[in-house]
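Subject: Structure handover

Hello,

Here is the structure for your files. Please open it alongside this note; my findings follow below.

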Amino acid sequence: RRVLFRSTYAPRGPKLKIGYVSPDLRSHSVALLFNGIAQHHDHSRFEVHGYMVGQMERDHMTEFFKKEFDSFTDLKDATLVDAARKINADGINVLVDLAGHTRGSWLQLYAMRPAPVLASSIGYASTLGQGLVDYLITDETLWPENEQQYCSEKLVYLPDTSMPGSPREVADRVFTRAEMGLPESGIVFANFNGHYKFDEIGRAHV
């Protein structure tokens, strides 16, 4: 493992610095799950930094996160080494990956250990493997304690769920089956993934 930095666990200043790395601080399911967390950080105790990576389009959700973080850095045009140096220079104590093995992630970044504590959450519910990060933030439904042996990371359990989506707006009227072109009876199966995740025989791919 290539280690570029000798990070300190001690906060640089009065607050613990937490950094979040993601290509999905935009109109994306991860952002919809994470926005409530971003809104409810205790800024009197924590300094919160956002790092957006990858080439995905920046949009109104990106602007939302820029306002919620104490600091927001767009690493779209940065190299991996430059990104790691920036995170280390910011004095981040705990760095959290929100993408895992999904499109646009920068997992190579964590091999450089730009922060002393590395964790994974929300964007990828399973182990990253290879001991790449230290902790997986999860819950007992996704990772029962007796399955710890199959996880490369140490498990950190949230009390109820590790998918703390914010309350969403719900339509104020009931839609009929007829409006949706559905028969009046029978079970309806739905999948709200992007269409590109389906192949010609209807299998879904993560």
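A salt bridge here is a side-chain nitrogen of Lys or Arg within 4 Å of a carboxyl oxygen of Asp or Glu. The model is predicted, so local features need pLDDT of at least 70 and side-chain atom pairs count only at pLDDT 80 or more, while totals for chains, interfaces and linings use all residues. Residues are numbered from 1 along each chain as its sequence is written, and side-chain values use heavy atoms, with hydrogens and water left out.

Salt bridges

The structure holds seven salt bridges. Side chains of opposite charge can pair when their charged atoms come close.

Helices (H or I, at least four residues) and strands (E, at least two) are DSSP runs, numbered from the N terminus. How exposed are the two partners? Lys 66 is partly exposed, at 37% relative accessibility. Glu 63 is partly exposed too, at 39%. The cut-offs: buried is under 20% relative accessible area, exposed is over 50%, and partly exposed lies in between (1.4 Å probe, protein chains only).

Arg 58 pairs with Asp 74, with 2.7 Å between the closest N and O atoms. This bridge links distant parts of the chain, its residues being 16 apart. Arg 58 is in the loop between β2 (46-52) and α2 (60-68), and Asp 74 is in strand β3 (residues 71-74). Asp 74 counts as partly exposed because its relative accessibility is 38%.

Asp 90 bridges to Lys 86, the closest N and O atoms being 3.1 Å apart. Asp 90 is buried, at 13% relative accessible area. Lys 86 is partly exposed, at 32%.

Where do they lie? Ile 122 is in the loop between β5 (117-120) and β6 (135-138). Gln 130 is in the loop between β5 and β6 as well. Buried or exposed? Ile 122 is buried, because its relative accessibility is 7%. Gln 130 is exposed, with a relative accessible area of 76%.

Regards
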